[in-house]
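Here is a short report on one protein chain.

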Amino acid sequence: MPSGKVHLGFELLTLPGWVAGGVALGVPEGALVTFSLAYAAASLLLSPDLDLARSGPARRWGALRWLWLPYAWLFRHRGLSHSPLWGPLTRLLYLAALALLLFLPFHLALKVPFPHRFPSRLLAPGLAGVYLAHLLHVGLDWVAGLLPRRRLK
Ligand SMILES: [Zn+2]
């Protein structure tokens, strides 16, 4: 399978192409910025390979990399985490659960209200960025599976 560096390089190097495509299609600037940020964040920090306890994306979380250990224990490598549809959802829901756990003490002790509105105009371009980065990852894994071994190391 391609290494983490190949995945990350491929995803980050193709980003300008996706943005140029968006400009050509008349996608509004704000949506392109949201898309680009989500795409880069997903490539760097929300890779499907977080299903491995020791991986480039886990290391990029630095001192917080232990937060992803339960994810690696829960998800078999290249299983549901690499599903074209469900993979990104598992990580977004996992992140939401982490955020909730972090926020809960403040809510309970200091009565800080839960943020109840997500700016809906960010949703579509944000999800497009997260999903495109994911689909390129699983697509590259799939292509590498067709090639003779050790080609993309
Ligand atoms: Zn992978």
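## Burial and ground rules

A residue is buried when its relative accessible area is under 20%, exposed when over 50%, and partly exposed in between (1.4 Å probe, protein chains only). By that cut-off, buried residues make up 35% of the 153 residues in the chain.

This is a predicted model: local features need pLDDT of at least 70 and side-chain atom pairs pLDDT 80 or more, while totals for chains, interfaces and linings use all residues. Residues are numbered from 1 along each chain as its sequence is written, and side-chain values use heavy atoms, without hydrogens or water.

## Overall fold

The chain has six helices and zero strands. Helices (H or I, at least four residues) and strands (E, at least two) are DSSP runs, numbered from the N terminus. The C-alpha trace spans about 60 × 40 × 25 Å along its principal axes.

Contact means heavy atoms within 4.5 Å. Among contacts between residues at least 6 apart in sequence, 64% join residues at least 24 apart.

## Helix H1

Helix H1 covers residues 4-24, 21 residues in total. Its first and last C-alpha atoms are 30 Å apart, close to the 30 Å expected at 1.5 Å a residue. That expected span is 1.5 Å times one less than the number of residues. H1 bends by about 35° at Leu15, and Pro16 follows within four residues. The bend is the angle between axes fitted to the seven residues ending at a position and the seven starting there.

His7, Leu8, Glu11, Leu15 and Gly22 are buried in H1. Their cover includes helix H2 (29-45) and helix H6 (123-146). After H1 comes Gly26, with a positive phi near 80°.

## Arg91

Arg91 sits in helix H5 (residues 86-110). Arg91 is buried yet has no salt bridge. A salt bridge needs a side-chain nitrogen of Lys or Arg within 4 Å of a carboxyl oxygen of Asp or Glu. Lys and Arg count as positive, Asp and Glu as negative; His and the chain ends are not counted. The nearest side chain of opposite charge is Asp51, 6.6 Å away.

What does the side chain of Arg91 reach at 3.2 Å on the backbone? The backbone oxygen of Gly87. The Arg91 side chain also makes a polar contact with the side chain of Tyr71, at 3.2 Å. A polar contact is a pair of N or O atoms within 3.5 Å; within protein, one must be able to donate a hydrogen and the other to accept it, and residues adjacent in sequence count only if both atoms are side-chain atoms. Beyond four places in sequence, Arg91 touches residues including Trp68, Ser81 and His134.
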